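Subject: Structure for you to look at

Hello,

Here is the structure I promised to pass on. Please open it first, then read my notes below.

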Amino acid sequence: MSVELPSSSVAAVSSNITCVKGIEPPTEIPYSSNWPDLFRLTTPNPEDPTAANMDESAGLVDPAVLLAAGVNYRFLDPIGYDYPNRTMEIPWIPLANGTNDATLQQVRDENDYQYADIVIVSAYAAKFYDEHIHAGGDEVRYIIDGSGYFDIRDLNDEWVRMHARAGDFVEFPSGIEHRFAVDESLYVQAIRLFPGSEDPDWSSVPRSEVRGNNTARNDYVDAYLCGEDPDAIDLRGHDHGGEEDGSSNSVEAAAKDEDDSSASRSRQMTLSIISLVAIVGIVLF
């Protein structure tokens, strides 16, 4: 005999169900064996983003942290295959009679990555390091030469820095907040992939302009963050760096953060001016 609960009882039961942020990382494969180094930053806004800025005291971050946030990774060794030598190619079409990576082609076929191009970043570019999302689709980058840093927000709205090098193939879900900087080598060459037959949409939306008004971001918040938008919390004083509010030193901490942020912006502006000639004509990374 079935019993129908009153609506108030159903609501009470539903309210007791705790949402768990993120997705369950895979356990059937040794997913962590080839991941690049993942670590926390010494400060949310480094004065020099091209330096490692690694918080040694925090140790390395487990790849499960990014997997839970929807970031996927695989290693594809680019050595021995035909790619342009330190040049861009937009779009990029593998040579018909060249030595091509069958595994890369399989990944493209499985994910409908019909479009590909090869880009180069040879200087620090402030526009890449402005925290942003991609609303037009997932970000897919395959590093074939050089290296750089992806800073990616985890489920707690804290930075995880990935030191990506040649062979690292990463996929970020649309709506996840991130930024990029070359490392001290000042050089990276990467393949960008985009699904479907339409023109790729590389447009980015700065975090400061999202504020709950972006469908891709809202979808990500619903799917991975239990509908809790960190930016809504920010309006009540939360720091993007993950600092806790409410301490007796909150005013002093806020003032220090503002000073650090101002110094960081000044440093980044200097880097941008120094690199201006080198980044003219660079496409969105």
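What share of the 285 residues of the protein chain counts as buried? The share is 45%, where buried means under 20% relative accessible area with a 1.4 Å probe, protein chains only.

Two notes on the basis. This is a predicted model, in which local features need pLDDT of at least 70, side-chain atom pairs count only at pLDDT 80 or more, and totals for chains, interfaces and linings use all residues. Residues are numbered from 1 along each chain as its sequence is written, and side-chain values use heavy atoms, without hydrogens and water.

The protein chain has eight helices and ten strands (DSSP runs: H or I of at least four residues, E of at least two, numbered from the N terminus).

Now the rings. There are ten aromatic pairs (Phe, Tyr or six-membered Trp ring centres within 6.5 Å; planes under 30 degrees apart are stacked, over 60 edge-to-face, the rest tilted). One of them is Tyr 115 with Trp 202, tilted, at 6.1 Å centre to centre and 55° between the planes. Tyr 115 is in strand β3 and Trp 202 in the loop between β9 and β10, so this pair ties together parts 87 residues apart in sequence. Both residues are buried.

Tyr 142 and Phe 169 make another tilted pair, at 5.7 Å and 45°. Tyr 142 sits in strand β5 and Phe 169 in strand β7, so the pair links parts 27 residues apart in sequence. Both Tyr 142 and Phe 169 are buried.

Best wishes

Conventions: Buried means under 20% relative accessible area, exposed over 50%, partly exposed in between (1.4 Å probe, protein chains only).
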